[in-house]
Structure formats: structure tokens, C-alpha cells
Amino acid sequence: MQYPLPIAKLIESYMKLPGIGQKTATRLAFFTLNMENEDIQDFSKSLVEVKTELHYCSICGNITQADPCEICRDERVDRSTILVVEQPKDILSFENMGEYFGLYHVLNGVLSPMDGVSVDDLNIKSLIKRLQDHSVKEVILALNSSSEGEATAMYLSKLIKPSGIKVSRLASGLAVGSDIEYADDLTLKRAMTGRQEV
Ligand SMILES: [Zn+2]
């Protein structure tokens, strides 16, 4: 027996999400079927709006409704430091920590030859371009401590250092392979204050 088409299609959609197999997708699809109409409307609206209303900031690569993003537009931001992160969601971790007041740059991943991610796939050119206006004195690399993160940090520091800009990395308070988004505020604060020049 096959499921009616709308359910089968919904199961297929859920299976496109990371970490969701057929069993979970089926459970979610039947759960969705029993949700209140209003919740379903909200849910489907959010799914559409997340694509239609959000853009990447043309300066830093953050996700934003208005371009440039709020942080790039904010005149109170310290324009002498750029914190380089892998994903837009990492920015939130640092903003919530409340002790960093500079600019950000989202790479949108890390170098990973195995997955076919090369220099041109990341927002590296736009980072180098931002460094040319001489107001930036320090670039802080806040990449995850995976081997790809390490390799990317190495690549960036070699690329940036000849320009005389200080390049530092977060202190290794973060466990190897751990994601910045899962680090608590205290761990992030320690990693930030203990950052070391590379
Ligand atoms: Zn921005």
C-alpha cells in the first residue's frame, strides 16, 4: 500500500532535511496532518518567507531582510575588527555573548577539497576587498576547530598577514570539532579574551 500523494510528497520533503530518515519523515508528515489549520498556515508561510524575504548582506554575508545588514549599518560598531565565522548563525552566538562590538564576515563554509569546496566557493574575495580600506586593524578567525576549519584559518592567515593586519584565532577553549553555535557564552568569552595572534 502506498500513502496518498500529498502525504508521500510531504514525507519526501521532510527527508530532504538533514538527519531526517524515512521513519522520522513519516512521523512528522502524519503529525503535520493533525496540526491546527492556523499553525499549518504559519508554518508554510515561514517556509516561503525564509527564501523570499531574506538575503545575504552584500558586505558581510550575514542573512538579512535589508541590505546591508543591521550590523554593517550600525554606526556604533567598532570598524577596526572583523570576526570571521563559517555560518550566519555563528554571528548570533557572538552577539548573544555581548562582549564583541566589531564587524563580522561570513565565509559560508570552510575549505574542504573532499566536498569540492574551494576558495572560490567561499566569501574570501569579499573579505580581502574589505581589508583594503585600511580601517581594519585585526581579523579574528572564529572558525570551528575541525581539520577543515584549521586548514581554512591557515590559508586566511597566510593571505592576510602580508598586508600588516593582525590576524588572531580564538583560544582553543572549544573542543575539537565542536560547533561555535553549541558553545556557551562563558566558553566563547574565554576563547575570545584568550585569542592568540597567528
Ligand atoms: Zn552585513
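How far apart do the end C-alpha atoms of residues 57–72 lie? They lie 8 Å apart, and the span is 19% helix and 12% strand. The model is predicted: local features need pLDDT of at least 70, side-chain atom pairs count only at pLDDT 80 or more, and totals for chains, interfaces and linings use all residues. Residues are numbered from 1 along each chain as its sequence is written, and side-chain values use heavy atoms, without hydrogens and water.

An unreviewed UniProt entry annotates residues 57–72 as "zinc finger region: C4-type"; such annotations may be inferred rather than shown by experiment. The SG atoms of Cys 57, Cys 60, Cys 69 and Cys 72 coordinate the zinc ion at 2.3 Å (donors are N, O and S atoms within 2.8 Å of the metal, or 3.2 Å for Na, K and Ca). Their spacing along the chain is C-x2-C-x8-C-x2-C. The site is tetrahedral, with angles of 104 to 116° among the four donor atoms; the term requires all angles to lie between 85 and 135 degrees. Cys 60 is buried at 3% relative accessible area, and Cys 69 is buried at 1% (buried means under 20%, with a 1.4 Å probe and protein chains only).

The largest nonpolar core has 40 residues; a core joins buried Ala, Val, Leu, Ile, Met, Phe, Trp, Tyr and Cys residues through side-chain atoms within 4.5 Å. Elements supplying at least two residues each include α4 (70–73), β3 (78–85) and α7 (147–160), where helices (H or I) are DSSP runs of at least four residues and strands (E) of at least two, numbered from the N terminus. The largest share, four residues, comes from β3.

Notes. Four donors count as tetrahedral if all angles lie between 85 and 135 degrees; four count as square planar and six as octahedral if opposite donors are over 155 degrees apart and all others between 65 and 115; anything else is irregular. Buried means under 20% relative accessible area, exposed over 50%, partly exposed in between (1.4 Å probe, protein chains only).
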